[in-house]
Amino acid sequence: MIDLPDAVRGALELERTERGLVPHRLPAWARARGDAQLAMVEAQPSGVRLVFRTAATVVELDAVRTKVSYVGAAARPDGVYELFVDGAPAGAGTVGGGDELLVDMTTGGTEVRRGEPGTVRFAGLPARTKDVKIWLPHNELTTLVELRADAPASAANPDGRPRWLHHGSSISQGSGAASPTTTWPAVAARHAGVELTNLGFGGSALLDPFTAQVMRDIPADVVSVKLGINVVNADLMRLRAFGPAVHGFLDTIRAGHPTTPLLVVSPLLCPIHEDTPGPGAPVFEADGVVRFRATGEPGPGKLTLKVIREELARVVAQRGDDPNLHLLDGLALYGEQDFAELPLPDALHPDAETHRRVGERFARLVFGSGGPFA
């Protein structure tokens, strides 16, 4: 049996429960200041992986998954566990059983149906000492029960790669991606050769002060924040509040990272919100597919994605005395030409191919030669 706490990477806190160990991407004090939506998504371990060194040829992980289902919507695919050996893909699997969290998006009501733990098993690994990583699902809460191998295992040594801290919305968490290593931040991290801490929270990139405080205190070599889409589709604030809130968010991060390269990323193209304010609302199609629409009416100070991009550019320009603060227009990652080729399946989230494209572009534009994180 492998000691689980020593193996976990990419989580900020591990909670011991009667059923096992829950990796959290926010500490308890910050979780207490959020809402039920944030509590659900921060416990979905996007970017979290188990890392260890072993000569084992068989590795097994027992876990209790919590699969989220939506009333009136088609069943979502099972969360994927991905195995890497010495940095190369070596298998993938799922766990059965587990809990189900049933969510009614029209009322906000929830119901939990309890189930039993399941096991994902990886066999046929090379019979030599090697570094092993198991990436946990980006879209299923995972309670870790036991990690076993048929040979002794030890904690892997730090590899010395630069540490990238990123915050964003469900797009950054990986909504629409095929697996945990194909979310766009994971793709970018792999291409750039950096160690990722992913604070992408579905529906919850809302300029919460406690999120900035958490980011302030996390060691990082580079930091990025992708802002805008959740503020619009939640109809959270007006223009007068948005600018100062962004300033405050950046000020807090800067208190812990005064000279660290810091990148502000504006929204990707999302036609339903380019000119139409939120709130956004789900539409349940007859085939069980959920799509989204914007329901707001234009008005003074109301936020759209075009307004957000302009305001973020203004805020960054206003902070011109910070030579390590940078701006990336999200349309450079996914714009009109991309939408024509790869439209958003639910009108809000990118598909798996788009995640790959955005991740590769981010790696090139941001970590590549001449980029702000070069």
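Predicted model: local features only at pLDDT ≥ 70, side-chain atom pairs only at ≥ 80, totals over all residues.
## The parallel sheet

Five strands make up an open sheet. Their order is β15-β14-β16-β17-β20, and the pairing is parallel. β15 (195–200) and β20 (325–328) stand at the edges. Each has a single partner strand, so one side of each is left without a neighbour in the sheet. On average, neighbouring strands are turned by 15° against each other, direction ignored.

The pairing of β14 with β15 can be followed in detail. β14 spans residues 163–168 and is joined to β15 by six bridges. The two strands run parallel.

α10 lies across β17 (262–265) and β20. Its direction makes an angle of about 160° with β20.

Helix α6 (residues 209–216) also meets this sheet. Its buried residues are Phe-210, Thr-211, Ala-212, Val-214 and Met-215. They pack against the strands β14, β15 and β16 (222–226). They also pack against the helices α2 (28–31), α3 (36–42) and α8.

| Helix pair | Residues | Angle | Axis distance |
|---|---|---|---|
| α8 and α10 | 239–256 and 305–318 | about 45° | 10 Å |
| α5 and α12 | 184–192 and 352–367 | about 45° | 7 Å |

Take α8 and α10. At an angle of about 45°, they are therefore oblique to each other. The crossing of α8 past α10 is right-handed. From α8, the contact draws on Leu-239, Phe-242, Gly-243, Val-246, His-247 and Leu-250. From α10 come Val-307, Ile-308, Glu-311, Leu-312, Arg-314, Val-315 and Gln-318. Sorted by class, this contact holds eight nonpolar, three polar and two charged residues.

Now α5 and α12. With an angle of about 45°, these helices are therefore oblique to each other. α5 passes α12 in a right-handed crossing. On the α5 side stand Trp-184, Val-187, Ala-188, His-191 and Ala-192. They meet His-355, Arg-356, Val-358, Gly-359, Glu-360, Phe-362, Ala-363 and Phe-367 of α12. The class count for α5 with α12 is eight nonpolar, three polar and two charged residues.

How many residues of β6 are buried? Five of its five are, so the strand (residues 81–85) counts as mostly covered. Both faces take part. Tyr-81, Leu-83 and Val-85 point one way, Glu-82 and Phe-84 the other, and all are buried.

β6 pairs with β7 (residues 88–93) through five bridges, and these strands run antiparallel. Val-85 has Ala-88 as its bridge partner in β7. The two strands form a hairpin with two residues between them. In that turn, Asp-86 has a positive phi of about 50°.

β6 also pairs with β11 (residues 130–135). This pairing is antiparallel too, over four bridges. Here Glu-82 is opposite Trp-135 in β11.

## Two buried prolines

Pro-180 sits in the loop between α4 (170–173) and α5. Is Pro-180 buried or exposed? Its relative accessibility is 1%, so it counts as buried. Pro-180 and Leu-125 are 55 residues apart in sequence, and their C-alpha atoms are 21 Å apart.

Pro-27 is placed in the loop between β3 (21–24) and α2. Its relative accessible area is 13%, so Pro-27 is buried, the cut-off being under 20%. Which residues does Pro-27 touch, not counting those up to four places away in sequence? They are Leu-12, Glu-13 and Val-214. Val-214 is itself one of the buried residues of α6. From Pro-27 to Glu-15 the separation is twelve residues in sequence and 9.4 Å in space, C-alpha to C-alpha.

Methods. Residues numbered from 1 in each chain as written. Heavy atoms only, no water. Axes fitted to C-alpha atoms, helices over the stretch in contact; angles between N-to-C directions. Parallel < 35°, antiparallel > 145°, perpendicular 65-115°, else oblique. Left-handed = near helix turned anticlockwise from the far one by under 90°. Contact = heavy atoms within 4.5 Å. Nonpolar A, V, L, I, M, F, W, Y, C, P; charged D, E, K, R; others polar. Pairing = 2+ DSSP bridges. Buried < 20%, exposed > 50% of the residue type's maximum accessible area, 1.4 Å probe, protein only.
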